[in-house]
Structure formats: C-alpha cells, structure tokens
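This report describes a single protein model.

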Amino acid sequence: MAARETALNVLIAVRKEAAWSNGILKNYIQRDRLSPKDAALATRLCYGVLQNRALLDFYLAQLLTGRLKDLHPVLRDILHLGLYQIYKMDRIPDSAAVNESVQLAKKYCKFPKGAGLVNGVLRNAVRTAGQLKTPEGYAEKYSHPQELIDFLKPYVGKEHLPAMLEANNEIPPLTVQVNLKKTSREALMERLAQEGVDVRTHSVFPQCLVLENTGNIEQLPSFQDGLFYVQDAAAWLSVQCAEIREGDKVLDCCAAPGGKSFAAAICGAGEICSCDIHPHKVELLQKGAERLGFSNIHPQCRDATEFVPQWQDKMDVVIADVPCSGYGIIRKKPDIRYKLPTTMAELPALQAQILENQARYVKPGGTLLYSTCTLAYRENEGVVEAFLQAYPEFQLIKLPLPESIPQTREGMLTLIPGTYDTDGFFICRMRRKE
C-alpha cells in the first residue's frame, strides 16, 4: 500500500495547500523511503489522477448512488486513485485496485461507511467497465477546465487543440542533451545501453536523446561522469537559435535549473553569468556545472529585474527565459491546468520588466533571446511587440530552424505540445542594432 498511500498524501497536499505536485511528490517519496518501483508507481498514480480528474469525476458521477458534490474530499481522492488503476493501468489487477483502495479508506476516512462505499463503487466500476457513457466535450474528455481551453484555443488553433490536450495527458519523455565537451552522441548511446538504459534519438531533433528504464537517473555512472544533462528539446532549441559563437560572453538571467547555461557552454560560449533569484537553485546550478565540467559558468544569486551597472553593453548574448504561466509544460506539471488564466494576469508586467532590464546588457550587434514555456499571446508576442515598440534599437532576427519546422513569423516561434514531441515553448530572437 506504500505507493498508493504516498500518492494519496500528495493529492491531499495539492488540494489543501495549493502546492505544486512535482515538489510535494519528490519530498513525500523521500519521506516515505519508497523503493524505485514504488516511487514510479506513486508518481504514475499521482500524475494520472491529476491529468484525468474531470474524466474520473464524469465516470464517478455515474457509479455513485448519491451526488458527487456530497463526497468527502479524501474519499473522492481515494476513489480517483482506484478508478485510475481500473480504467488506465492494465498491469494492475482490478482486485488489487479495489482492495488497496478499501484499505486506504479504512485508514483515512473518519466515518464508518467510507470503506464500504469505496468497495461498492469500485466493484461497480469493474463490473460496468466499457458500458458507461463517455464524455463528448473536451473539458471532461481531456480533463482541462473549460476556461483554460477557451483561453488557449485562439493561440493554439482549432486544428491543434485536440492533439495538444491529449499530449498534456501523456507521460512526458525523459529527454537529455549530450555533453559534447566530453563525449559524442554515438558514444553516449553505447554507454547508456551498456548501463541497461533504453535510448533513442528524438523524433524531430536527433541531437537530443530520449531515455527509458533509467531507474534513479542520478545513480547512472554516465550521469555522474557528466556525460549528459536533462533538458527538453524545446529548451535546447531555444539556445541553438541564439547562434552563440566561440568565446561569446553570455548572460542567462533566470538560469535555474541550468539547462540553457549548459547548452551555451557546449555551443562554445566563453564566460557565462548564470543568475537566479533563489539561493538553493543557484547551489544546484553550481553542482550541475561542476558535474559537467563547465568551469566557465559562474552562478550568481540575482533578481533579474534589478540593474547591474557593470554589465551594461557588455554581453554578446542575453538569454531571458522568464517566469511564466507554464501552460506549455502541463504534461510535466499536470496541476498547472487548474491555475486559471485570471490568476496569471500580472505576469506580462513582470516579464516586460525583466526583458527591458536585461536588454541594457546587450552590446551593439549582440543577441537578446526571449523565451517562455507557455502558449499565451499576452506573455509571448504581446510582451515582445510592446518591447520592440518602446526600444527601436532592437529588431527581430530570423531563427535558424530545421526544415521540419516552418517559421510562421519572423524571429518568433511557438512550439505546441503534440506537434513536434516537445514541451510547449515560445522562442524570440532579437538583435541590438550596431
């Protein structure tokens, strides 16, 4: 029951504390000292329920004799876990899903009929599998709030919307980047295979590798030797779009966890100033740079909105991957979908403040790269357009993209989940005029 109990505790914490599931899950897995197998199951259960909550409620409403809204929240969490196992996890026997859920109800429900209700509902689910009504609307089918669907639809496009919603509910691939300062792609693939890892090249960006069956990735000898680091293909592509030259002085102003700084180092950058506002993240960035062998990365704890006079007009490349709503990485943080657009309205002002401040560090002829992991126009094109109007000394520059990705707008690209097997991402490249 360990994995299921950990997953339940995470769901309760996410609901009660409005905490992000990925952080709480990592802490609870360590707290409960789960084995790698149980940790994987707890992760799958937790993310699976968060990804399918509306769909599970749609079925649950048909299975209950009473009203869904009258269910105690913990009881609802337990039923969600049980239903997810029955409907979505073929390798778990239905009997195990039912029995383990009943045990959770006995332990966590304060009223005597809770365990009986769980037992009856889940047995009914097993008995009626494939016979219940299926949802017609996207909100229930893909478990995204209708308000979020309505918000994103104009930016994503009607033709891409179902694929994006479906991609948001998939298990995210583990994409890594080769440390070309230490090894080659072919040599790393061979090394990983020797370590028992299933490895393949990315379907669109063959420079990136996708791993499976890694276990605890930090325990792999190849990871400890600094031969690769974890980074999605979209974030990797954004740094390639800056076209960093050998010896360039680079500033990465919102750097944690460090992937863009690491990519810049591999591209041949000279000195790299990697900044973040959180001290513990700066420490992790430093450890990552040391593991990979990048002595030219200099992590610093700085607020990206505060001006540093000694950097003015000094940087060949400034990377501003700013804080955002995260609507492009819902597959990695499934609970982001429940943070509605109305709660994110203040972000463009912060993003503009960071972009304007960081622009002061770009030398004439230098590159300013603006990126986010969201799909919202107001955080992407909206911020850039306002900036260019206020700062005419900057201009959009064409992105160096592979032929498989058409550039629909000069200097800007939005990658939509479900299209190129990447996170959702916005990339904009600007140059300061000589």
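Where is Asp 313 found? Asp 313 is found in the loop between β7 and β8.

## Basis of the model

The structure is a predicted model, in which local features need pLDDT of at least 70 and side-chain atom pairs count only at pLDDT 80 or more, while totals for chains, interfaces and linings use all residues. Residues are numbered from 1 along each chain as its sequence is written, and side-chain values use heavy atoms, with hydrogens and water left out.

Helices (H or I, at least four residues) and strands (E, at least two) are DSSP runs, numbered from the N terminus.

## Backbone exceptions

Most residues other than glycine have a negative phi, and most peptide bonds are trans. Asp 313 has a positive phi of about 60° although it is not a glycine. With a relative accessibility of 34%, Asp 313 counts as partly exposed; the classes are buried under 20% relative accessible area, exposed over 50% and partly exposed in between (1.4 Å probe, protein chains only). Asp 421, likewise not a glycine, has a positive phi near 60°. This residue is placed in the loop between β11 and β12 and, at 26% relative accessibility, is partly exposed.

A cis peptide bond with omega of about 5° joins Ala 256 and Pro 257. Pro 257 belongs to the loop between β5 (250-252) and α14. Helix α14 (residues 259-266) is mostly covered, with 8 of its 8 residues buried; among them are Lys 260, Ser 261 and Phe 262. Just after α14, Gly 268 adopts a positive phi of about 105°.

## The loop position of Thr 422

Thr 422 lies in the loop between β11 (412-415) and β12 (425-432). Its relative accessible area is 1%, and Thr 422 is therefore buried. Leaving aside residues up to four places away in sequence, Thr 422 touches His 202, Phe 205, Asp 232, Ala 233, Ala 234, Arg 331, Leu 415 and Pro 417, where contact means heavy atoms within 4.5 Å.

Strand β1 (residues 174-178) pairs with β4 in the antiparallel sense over 3 bridges, and the bridge partner of Val 178 in β4 is Phe 228.

## The parallel pair β6 and β7

Strands β6 (residues 272-276) and β7 (residues 297-301) run parallel and are joined by 5 bridges. Ile 272 has Ile 297 as its bridge partner in β7. From β6 the chain crosses through helix α15 (residues 279-292) to β7 in a right-handed β-α-β crossover; right-handed means that, with the strands pointing away from the viewer, the path from the first strand over the helix to the second runs clockwise.

## Aromatic and charge-ring contacts

The structure holds 15 aromatic pairs. Rings of Phe, Tyr and Trp (its six-membered ring) pair if their centres lie within 6.5 Å, and planes under 30 degrees apart count as stacked, over 60 as edge-to-face and the rest as tilted. Tyr 59 and Tyr 87 form a tilted pair, 5.1 Å centre to centre with 55° between the planes. Tyr 59 lies in helix α4 (residues 53-63) and Tyr 87 in helix α5 (residues 73-88), so this pair ties together parts that are 28 residues apart in sequence. Tyr 59 is buried at 14% relative accessibility, whereas Tyr 87 is partly exposed at 23%. The ring centres of Phe 151 and Tyr 327 are 6.3 Å apart with planes at 65°, so the pair is edge-to-face.

The charged end of Arg 31 sits over the ring of Tyr 28, 4.1 Å from its centre, and that of Arg 291 sits over the ring of Phe 223 at 3.7 Å from the centre. A charge sits over a ring if NZ of Lys or CZ of Arg is within 6 Å of the ring centre and within 35 degrees of the ring normal.

Methods. Two strands pair if DSSP finds at least two bridges between them.
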